[in-house]
Amino acid sequence: MQQMASILVIEDDSSLRDTLRIHLSSAGYSVRVAADATEAIRAILTGVPDLILSDVTLPYMDGFELLEVLRRDESTRTTPVILLTGLVDDDNYVRGIRLGATAYLTKPVLRDELLKAISGALRGAAKKLD
């Protein structure tokens, strides 16, 4: 039996966070959620997920700052991170990719588009391990 991939969703909007959790769970992923970067870091300390899906505009520490922290830490350096945001300008896209985001999706994102990005990111991470 194949083990389901684990995803940590970091989103401060509770209704979107719940929607993402439901969509990803129904697609067969094991999902944990966090409302901000501090909660996310605590969750990661209990177990590094296979993929992180993070909003960019978070309270206390934004998604870009969190991504910098994740890329500096040995345990999360190669963990795929998909940034999900309403910031649609090119500068933010480039910043996210330069900081090491696996993908940068803009809200509102279609369920199928999100699942395709997650699947691709997980396949890419698995190839790096081979």
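Tutor: Quick ground rules: residues are numbered from 1 along each chain as its sequence is written, and side-chain values use heavy atoms, with hydrogens and water left out. In this predicted model, local features need pLDDT of at least 70 and side-chain atom pairs count only at pLDDT 80 or more, while totals for chains, interfaces and linings use all residues.

Student: What does the pair tie together?

Tutor: Lysine 107 sits in the loop between strand 5 and helix 5, and glutamate 11 in the loop between strand 1 and helix 1, so they tie together parts 96 residues apart in sequence. Helices (H or I, at least four residues) and strands (E, at least two) are DSSP runs, numbered from the N terminus.

Student: Why is glutamate 11 called buried?

Tutor: Buried means under 20% relative accessible area, exposed over 50%, and partly exposed in between (1.4 Å probe, protein chains only). Glutamate 11 has 1%, so it's buried. Lysine 107 has 27%, so it counts as partly exposed.

Student: What makes strands 1 and 2 a pair?

Tutor: Two strands pair if DSSP finds at least two bridges between them. Five bridges join these parallel strands, so they qualify.
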